[in-house]
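Here are a few friendly notes to read alongside the model. Please keep the structure open as you go through the points.

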Amino acid sequence: GLETMRCSVLHSSAASRCCGSSYGRSGRRSSRSVFVRFHRQRVAASSFESSSSSSSSSSSSVDVDGAAQTTTTTETRKEEEESKGLTGETLQKLKRDLTEDLSHLFDDRGIDPKLYAENVVFTDPLSKYESFSGYNFNIQMLKNVFKPIYTMHSIEKTNDFEITTRWTMKMYLPSFPFLWNPELTFTGRSIMEMDQRFPHECVKHVDTWDSIENQTYLSPEAVQEVLKQVFNFAKTPENLKTPKYVTLRRYRDFEVREYEKFFVAETTVNSNTGSAKMEDSEAGQAFNRLAGYIFGKNEQNEKMEMTTPVFSNKNQKMQFVVEESSNSIKPVDGSVAVKDRERFLVAVASFSGIANKEITDETEKKLREAMKREESINDGVEFLPRRGDEFVELAQYNDPFTNPLQRRNEVLIALENIRDDFIALV
């Protein structure tokens with residue numbers, strides 16, 4: 001029994017060692033497995049973070065490089081444009097930009113400051129500023145006081161870094177204190193000096209007027225020109241339609257106009273006393289025939305709107321302006337005919353008072369002399385008057401009851417010139 005007990009104890013001890021040994025290896029294997037898995041996860045996470053960091057660093061590097069490349073491209077383009085000077089597409093774009101910008105000179109949008117240097121110098125015969133703010137102040141003052149209308153006729157490059165425009169500007173003075181409502185008209189050139197560096201901002205802007213020779217700031221000639229127009233008491237009747245025209249050049253003693261197409265009713269004046277409508281009974285009868293047509297003596301018995309002026313020429317023709325909507329209405333009087341007058345150019349001299357033959361002829365003579373004078377002092381300007389009595393006209397705007405000091409009368413001489421002759425940048 002003792003031996004049996006001893007064998008059982010030994011067996012149990014061996015079994016215990018065997019199980020304990022087996023458990024011990026299994027425990028160590030399990031702990032190592034967990035550690036390996038944990039270590040692998042840490043390595044993977046570290047690799048991901050490293051990869052993300054590398055990717056982020058790479059992305060940042062690309063952004064920086066891209067910005068640097070863009071800056072380099074811009075600088076290269078700027079250098080290339082500057083090396084070319086004011087030519088090619090750069091020139092064409094600048095002309096387009098200036099044309100668009102100047103079309104807003106006096107509206108609510110105004111001019112674009114990006115096209116002008118901050119210290120741009122602006123001068124004309126009455127103004128002088130040395131900053132964009134001063135330049136813009138002058139524009140706003142003109143806009144608010146004179147209600148100007150600006151028309152640009154042409155724009156060209158006239159020197160290496162110089163662009164010149166030709167324009168017409170009409171200004172309307174306020175009715176108080178100017179009860180006679182004067183209108184001022186100026187034509188001239190704007191000579192714009194552009195910065196040699198891209199993008200070629202305007203650094204100097206000089207306006208000149210066709211009506212004066214001395215263009216210096218506040219010259220007596222400039223002041224006299226303004227006062228002459230301000231105190232011109234001649235009036236155009238209100239609410240009466242007139243043919244449309246644009247003044248291409250205003251000189252000291254006359255102007256050049258381009259009339260758009262319009263329609264007239266015409267009759268013959270059987271008189272040798274001149275072309276003034278109220279000079280004798282024959283002229284008065286011609287006037288009455290045309291008035292009769294306007295007031296209903298026509299095939300439709302239609303009364304038309306009154307218009308102005310009354311034209312009469314040295315070829316004994318008198319004309320009333322007819323609105324386009326009424327030009328198809330035929331007169332019943334066989335001595336009256338309706339015709340159209342195509343677009344044409346004229347030199348025009350104005351005068352007030354009574355338009356008799358003597359004054360009309362004297363005004364025509366002075367107009368021809370004035371054209372020769374302008375030819376002598378302006379290189380490249382040549383006037384080509386048409387030959388024939390039908391090309392010399394008198395235009396009268398007011399009725400006989402208007403104060404002679406306020407009457408608007410004009411002598412017109414038709415020109416063979418074309419429009420380009422007067423919008424050229426000379």
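1. A word on terms to begin with: buried means under 20% relative accessible area, exposed over 50%, and partly exposed in between, using a 1.4 Å probe and protein chains only. This is a predicted model, in which local features need pLDDT of at least 70 and side-chain atom pairs count only at pLDDT 80 or more, while totals for chains, interfaces and linings use all residues. Residues are numbered from 1 along each chain as its sequence is written, and side-chain values use heavy atoms, leaving out hydrogens and water.

2. Let's start with N138, which sits in helix 3 (residues 132–146). Helices here are DSSP runs of H or I with at least four residues, strands are runs of E with at least two, and both are numbered from the N terminus. Because its relative accessible area is 3%, N138 counts as buried. Leaving aside residues up to four places away in sequence, N138 touches F122, S127 and Y129; contact means heavy atoms within 4.5 Å.

3. On a 1 Å grid over the protein atoms alone, a pocket is an open set of points where a 1.4 Å probe fits, with protein on both sides within 12 Å along at least five of seven lines; lining residues have an atom within 4 Å of a point. The second largest pocket holds about 450 Å³ of space, a volume being the space filled by probe spheres set on the points. It has 27 lining residues, with D124, N138, L142, M169 and M171 the closest to its centre. Helix 3 gives the largest share of this lining, six residues.

4. How do the residues lining the second largest pocket divide? There are 21 nonpolar, four polar and two charged. Ala, Val, Leu, Ile, Met, Phe, Trp, Tyr, Cys and Pro count as nonpolar, Asp, Glu, Lys and Arg as charged, and the others, Gly among them, as polar.

5. The largest pocket has a volume of about 1,600 Å³. Of its 49 lining residues, N232, R257, S350, R408 and E410 lie nearest the centre. The lining of the largest pocket comprises 21 nonpolar, 13 polar and 15 charged residues, and helix 6 (residues 357–377) supplies the largest share, five residues.

6. Finally, have a look at helix 5 (residues 281–294). Its buried residues include A283, G284, L290 and Y293, and among the elements covering the buried residues of helix 5 are strand 9 (262–268) and strand 11 (317–322). Just after helix 5, G296 takes a positive phi of about 130°.
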